[in-house]
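User: Hey, can you walk me through this one? I'd like to start with the core and then hop around.

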Amino acid sequence: MADVTNTFTEPEPSALLLLLGQESDAFSERGVDCPGDLPAPSDPGLVERAWAAKKALGDRAFILGHHYQRDEVIQFADVTGDSFKLAQQAAARPDSEFIIFCGVHFMAESADILTTDDQSVVLPDMAAGCSMADMAAADQVQAAWQTLEAAGVADVTIPVTYMNSTAAIKAFTGEHGGTICTSSNADKSLAWAFEQGEKVLFLPDQHLGRNTAVLQRGLSLDDCVVFDPHKPGGGLSREQLREAKMILWRGHCSVHGRFTEESVDEIRAKVPNVNVLVHPECTHEVVLKADYVGSTEYIIQTLNAAEPGSAWAIGTELNLVRRLARQHPDKEIMFLDRTGCCSTMNRIDLPHLVWALESLAADRVVNQIVVDAETQKWARVALDRMLALPGVGVRPAD
Ligand code: 13P
Ligand code: SF4
């Protein structure tokens with residue numbers, strides 16, 4: 001057994017990390033978009049102010065924190081979780097006037113869809129988006145569907161859309177007979193979709209789609225094609241569209257896409273008994289080289305159950321890996337790469353949280369996320385299809 005101390009090594013700082021607003025760099029872009037008086041990050045009273053505002057709001061406010069959030073923010077969360085759990089939790093709080101979502105834009109949109117009209121969902125920094133969700137725009141998806149229609153395959157194709165997508169894409173999915181999925185239920189969603197039709201249009205993460213289809217559904221790589229929205233006809237012939245079973249949208253996560261086969265080889269050479277555990281948003285090649293693959297919740301549970309003294313290299317977002325390393329001092333937990341915060345998740349920092357909480361406590365609703373009624377209607381249909389899948393989740397009340 002390895003001699004284990006709490007050996008988490010911080011990835012080396014790089015110009016890129018600083019540019020992305022990680023840590024407390026004076027030149028970071030953080031906070032520039034805030035439509036009010038954002039407290040200075042150097043204000044020593046920020047933690048106290050956040051607790052005071054949270055106390056003043058009491059049961060009126062419920063704070064949700066995604067696992068990728070900074071520690072300075074997560075300490076104020078009433079519930080922490082992955083995107084699926086947080087969507088369920090938002091739906092389960094009809095008595096909270098304000099849902100403060102410490103996560104990214106698409107998650108807050110889902111919360112707005114699943115909460116009542118009397119509740120306000122607040123995203124402390126409107127610039128907290130998801131680069132993957134931005135890779136599928138509504139007009140691109142409509143155009144892609146027309147391409148499938150022209151190829152004569154649209155009526156046998158079921159859209160399956162990852163939670164990491166805009167409300168508009170979720171609505172498209174609902175309207176076209178499809179379902180939403182998360183990384184913890186993508187297999188069940190695909191199984192359902194193949195009962196409804198012959199093909200799946202998987203949006204927007206090609207890697208989650210491919211990994212699930214090949215490793216869990218038993219399809220071959222040849223059954224998968226990649227639809228590139230920037231090329232005419234998706235860059236595919238009609239023949240290719242007719243033969244494919246999985247039509248994968250050309251989107252990816254810039255954080256998980258950064259792990260390489262070389263990073264797996266390097267860590268194995270350095271730590272011979274290491275277990276490599278990665279998120280299914282990683283490329284298929286990286287997933288094939290890993291020992292374990294699974295969603296954020298799976299990663300957390302696997303480490304909770306791991307033997308003391310075991311060594312783990314984790315391929316997911318850095319804030320979470322750092323926290324897991326701290327929570328498990330009896331295991332050797334390391335990051336599978338050199339860089340890797342989600343820069344947009346990271347935008348929610350203490351100044352933005354304090355600003356949002358204090359504004360709400362003063363009855364000023366700021367940064368409210370509102371999904372229009374028509375989009376809500378169809379997006380809700382798609383979300384409800386996921387929630388109704390066997391073993392996936394309870395259907396929240398209307
Ligand atoms: P989860 O569904 O595991 O919360 O993942 C969200 C995400 O953004 C992963 O990159
Ligand atoms: Fe989006 Fe990737 Fe960040 Fe998740 S980690 S929010 S998929 S950019």
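**Core, sheet and ligands**

Analyst: The largest nonpolar core has 118 residues, and Phe-101, Ile-247, Val-278, Ile-314 and Leu-353 touch the most other members. A nonpolar core here is a set of buried Ala, Val, Leu, Ile, Met, Phe, Trp, Tyr and Cys residues joined through C-beta atoms within 7 Å. Buried means 20 or more other C-beta atoms within 10 Å of a residue's own, exposed means 12 or fewer, and partly exposed is in between, with C-beta atoms placed from the backbone.

User: Which helix gives the most to this core?

Analyst: Helix 15, residues 350-361, with 7 residues. Helices (H or I, at least four residues) and strands (E, at least two) are DSSP runs numbered from the N terminus.

User: Before we go on, what kind of model is it?

Analyst: It's a predicted model: local features need pLDDT of at least 70 and side-chain atom pairs count only at pLDDT 80 or more, while totals for chains, interfaces and linings use all residues. Residues are numbered from 1 along each chain as its sequence is written, with chains lettered from A and ligands numbered from 1 in the order in which they are written.

User: Back to Ile-314, what is it in contact with?

Analyst: Leaving out neighbours within four places in sequence, Ile-314 is in contact with Leu-277, Ile-299, Val-321, Leu-324, Ile-333, Phe-335 and Leu-336. Contact means C-beta atoms, placed from the backbone, within 7 Å.

User: New topic: what's the strand order in the open sheet?

Analyst: 6-5-7-9-8, 5 strands with parallel pairing; two strands pair if DSSP finds at least two bridges between them. Strand 6 (179-181) and strand 8 (224-227) are at the edges, each with a single partner strand, so one side of each has no neighbour in the sheet.

User: How many bridges join strand 5 to strand 7?

Analyst: 5, between residues 157-162 and 199-203. Thr-157, for one, has Lys-199 as its bridge partner in strand 7.

User: Last one: which residues are around ligand 1?

Analyst: Asp-82, Ser-83, Phe-84, Met-163, Asn-164, Thr-182, Ser-183, Cys-253, Glu-281, Ser-295 and Thr-296, counting a residue when its C-beta atom, placed from the backbone, lies within 6 Å.

Definitions and conventions. Contact = placed C-beta atoms within 7 Å.
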